[in-house]
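I opened the model today to look up two elements and their surroundings. My notes follow the structure.

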Amino acid sequence: MDGIVTEVAVGVKRGSDELLSGSVLSPNSNMSGMVVTANGNDSKKFKGEDKMDGAPSRVLHIRKLPGEVTETEVIALGLPFGKVTNILMLKGKNQAFLELATEEAAITMVNYYSAVTPHLRNQPIYIQYSNHKELKTDNTLNQRAQAVLQAVTAVQTANTPLSGTAVSESAVTPAQSPVLRIIIDNMYYPVTLDVLHQIFSKFGAVLKIITFTKNNQFQALLQYGDPVNAQQAKLALDGQNIYNACCTLRIDFSKLVNLNVKYNNDKSRDYTRPDLPSGDGQPALDPAIAAAFAKETSLLAVPGALSPLAIPNAAAAAAAAAAGRVGMPGVSAGGNTVLLVSNLNEEMVTPQSLFTLFGVYGDVQRVKILYNKKDSALIQMADGNQSQLAMNHLNGQKMYGKIIRVTLSKHQTVQLPREGLDDQGLTKDFGNSPLHRFKKPGSKNFQNIFPPSATLHLSNIPPSVAEEDLRTLFANTGGTVKAFKFFQDHKMALLQMATVEEAIQALIDLHNYNLGENHHLRVSFSKSTI
């Protein structure tokens, strides 16, 4: 990044994101030998595609920026999703390029902002993948941006203790923000925005909350009126469990100092503006239900160092709610049971494959692949918790080679085709399926809900089946078996594939596979590694 790169003026016509003054971009690796910049006089305008769904890249192209916007504000857009590694502002064109450390972070950011339109200074802006895979900037022309980036990175580094190193709080904590970033580990039960509000309100007035999924983890940004409240909450709650032995809070100060909430619904809430709309297809929580929920689970005198944040019978309530026996007050009422899944591989996907994969996180009732848009499907879960769980864990995962997008649908149910109408097998009713994992209240399956991982947990293995048989079976799904380990009783095993995508494929292909002797193999994701 340092040093001056000789400028080569090359006219590149690949989309509107290519008109760069004084920058050097290295595009896809097959062109990496070529240094590309547009010179300062290049005022030609190329029409770009106004869409977010180009090929993913860790470089994002941001358009329609307000004229007076600063580098810091643009960098702040990316920070909740991961480390920002470079920025290039095109002031005259009201555009910018933002480079994140990983493609995964960029995908999460684009997915999030495609559901919630980002605003800067009350003006909507547009974010899409750039055609470039990396941003190489000429520092002499980009000094201010680099200085801002270094300052932000310093704050970020100071805020992230080195693993395995005890870092004294006071030594590195920068001026604290009133916004906390919350990650929830071991999320065996759904944690909702209302649960977070209730817990964190003990330390001061909570103004705003935004929840999202990043790196397969449920995360939230929560804003207090005063940084002092944020500090007290962090000290008291970091490392605490919300429910017995699960849902552990990991809390850091955010780099953001203000959250911009557009909708009041089950994903985001601005408590200072009850007038905000609920957004398309996401019912705002009924105030009466929210009040009942607050009353029902009045929790938490500040806990002792290791006691869970004792929500009365919360684990039982969550398990029952997930089993669809009762609605967890204020949760399932606010959550839609129908998911919209898009960017599917239409050549490969079937209702059965979606039933199997989404069935890891809840009891799938109905699946409909859309007749006019076969890369999209509607999936109806048994309740709102399950749809939330499936969305949190599967949005952004790869299925049949494509990164799928999972959002809440505005539909309340999935309609079956009319009697006698042939819809080519695109709709399937799984309401009475014997393969539902969560039918029995209190089933052990509730405690074994994990994000997709390369390691799979196998159970119900008959005595006659050996390690070699299982390795061969799983290798035949098109992946590589990296490791295998039987449990002591030989009825269960851990099997590790080379990638998460291969493990997803193997689970779809082999869950409920008949191993003979009336044993059907059960496959789920594991949190362990071998």
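**Entry 1: strand S4**

I began with strand S4, residues 95-100: six of the six residues are buried, so the strand is largely enclosed by the rest of the structure. Buried here means under 20% relative accessible area, with exposed over 50% and partly exposed in between (1.4 Å probe, protein chains only). Helices (H or I, at least four residues) and strands (E, at least two) are DSSP runs, numbered from the N terminus.

Before going on, I noted the ground rules: this is a predicted model, where local features need pLDDT of at least 70, side-chain atom pairs count only at pLDDT 80 or more, and totals for chains, interfaces and linings use all residues. Residues are numbered from 1 along each chain as its sequence is written, and side-chain values use heavy atoms, with hydrogens and water left out.

Which residues of S4 lie on each side? I found Gln95, Phe97 and Glu99 on one side, and Ala96, Leu98 and Leu100 on the other. Both faces are covered. In a regular strand the side chains alternate between the two faces of the sheet.

Next I checked the pairing. Two strands pair if DSSP finds at least two bridges between them. S4 runs antiparallel to strand S2 (residues 59-63), joined by four bridges. Val59 has Glu99 of S4 as its bridge partner. With strand S3 (residues 84-90), S4 has six bridges, also antiparallel. There Ile87 is opposite Leu98. S3 and S4 make a hairpin with four residues between them, and Asn94 in the turn has a positive phi of about 55°.

**Entry 2: helix H12**

I then moved to helix H12, residues 500-510. Eight of its eleven residues are buried, so H12 is largely enclosed by the rest of the structure. Among them are Ile504, Leu507 and Leu510.

What do the buried residues of H12 pack against? I listed helices H9 (351-358) and H11 (467-475), plus strands S18 (398-399), S22 (455-459), S24 (493-497) and S25 (522-525). Contact means heavy atoms within 4.5 Å. Asn512 follows H12 and has a positive phi, near 70°.

**Entry 3: the four-strand sheet**

I traced an open antiparallel sheet in the order S23-S24-S22-S25. S23 (481-486) and S25 are the edge strands, each pairing on one side only. Neighbouring strands are turned by 20° against each other on average, direction ignored. Axes are lines fitted to C-alpha atoms, for helices over the stretch in contact, and angles run from 0 to 180 degrees between N-to-C directions.

S22 and S24 share four antiparallel bridges. Leu458 is opposite Ala493 in S24. H11 lies across S22, S23, S24 and S25, at about 145° to S23.
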